[in-house]
Amino acid sequence: MPSLTITYEAFSALGDLTDEDRELLKLAEAALEHSYSPYSNFRVGAAARLADGQTVAGWNTENAAYPMCLCAEPAVLAAAAARAPGVPVVSLAVTVRSPRRIVDRPASPCGSCRQQLAEHEGRFRSKMRLILRGQTGPIYVFESASDLLPFGFSGGLL
């Protein structure tokens, strides 16, 4: 019987992370302030480190016509592509905040974002480290974005 194992690390505090991961999470937290989320009030901030060492941030932007919303993950990928075309993102941090309750665990990227993150890895043939955090609670670190979408659609099928 086939099986699937997803490997990730869980850390209990920011101080347990590497300096680079901690810095990226702090940039993602700062990006929360720019979130435009008047409908859900669910703020998402993301920050990416590129292979050349640059960092960029992005955040979710809602629209009254919900399908037109932009999640933080593709926003930061677009910011990275605009700043440094052809340079892969090697790590990406995502954090969230809600006024309704304390988010005590990481919020995993939605299906569309998972596909876009996996496509980025495939395009550059480079893994992207993911660092996910709620407002409190554990911090999850995945060595590859594709770990969140193990049977994702690939352009190789076209």
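Asn 41 counts as partly exposed because its relative accessibility is 33% (buried means under 20% relative accessible area, exposed over 50%, partly exposed in between, with a 1.4 Å probe and protein chains only). Asn 41 sits in the loop between H1 and S2, and its phi is positive, about 60°, although it is not a glycine.

A quick word on the ground rules: this is a predicted model, where local features need pLDDT of at least 70, side-chain atom pairs count only at pLDDT 80 or more, and totals for chains, interfaces and linings use all residues. Residues are numbered from 1 along each chain as its sequence is written, and side-chain values use heavy atoms, with hydrogens and water left out.

Arg 125 is another residue other than glycine with a positive phi, near 50°. Its place is in the loop between helix H3 (111-124) and S5. Helices here are DSSP runs of H or I with at least four residues, strands are runs of E with at least two, and both are numbered from the N terminus.

Here is how some of the residues in this report score on accessibility:

| Residue | Relative accessible area | Class |
|---|---|---|
| Ser 35 | 8% | buried |
| Asn 41 | 33% | partly exposed |
| Phe 151 | 73% | exposed |
| Arg 125 | 76% | exposed |

Back in the loop between H1 and S2, there's also Ser 35. What does the side chain of Ser 35 make a polar contact with? The partner is the side chain of Asn 60, at 2.7 Å (a polar contact is a pair of N or O atoms within 3.5 Å; within protein, one must be able to donate a hydrogen and the other to accept it, and residues adjacent in sequence count only if both atoms are side-chain atoms). Leaving aside residues up to four places away in sequence, Ser 35 touches Phe 42, Arg 43, Val 44, Trp 59 and Asn 60, with contact meaning heavy atoms within 4.5 Å.

Now for H1 itself. This helix covers residues 19-31, 13 residues in total, and reaches 19 Å from its first C-alpha to its last, close to the 18 Å expected (1.5 Å times one less than its number of residues). Its buried residues are Asp 21, Arg 22, Leu 24, Leu 25, Ala 28 and Ala 31.

Finally, Phe 151 lies in the segment after S6.
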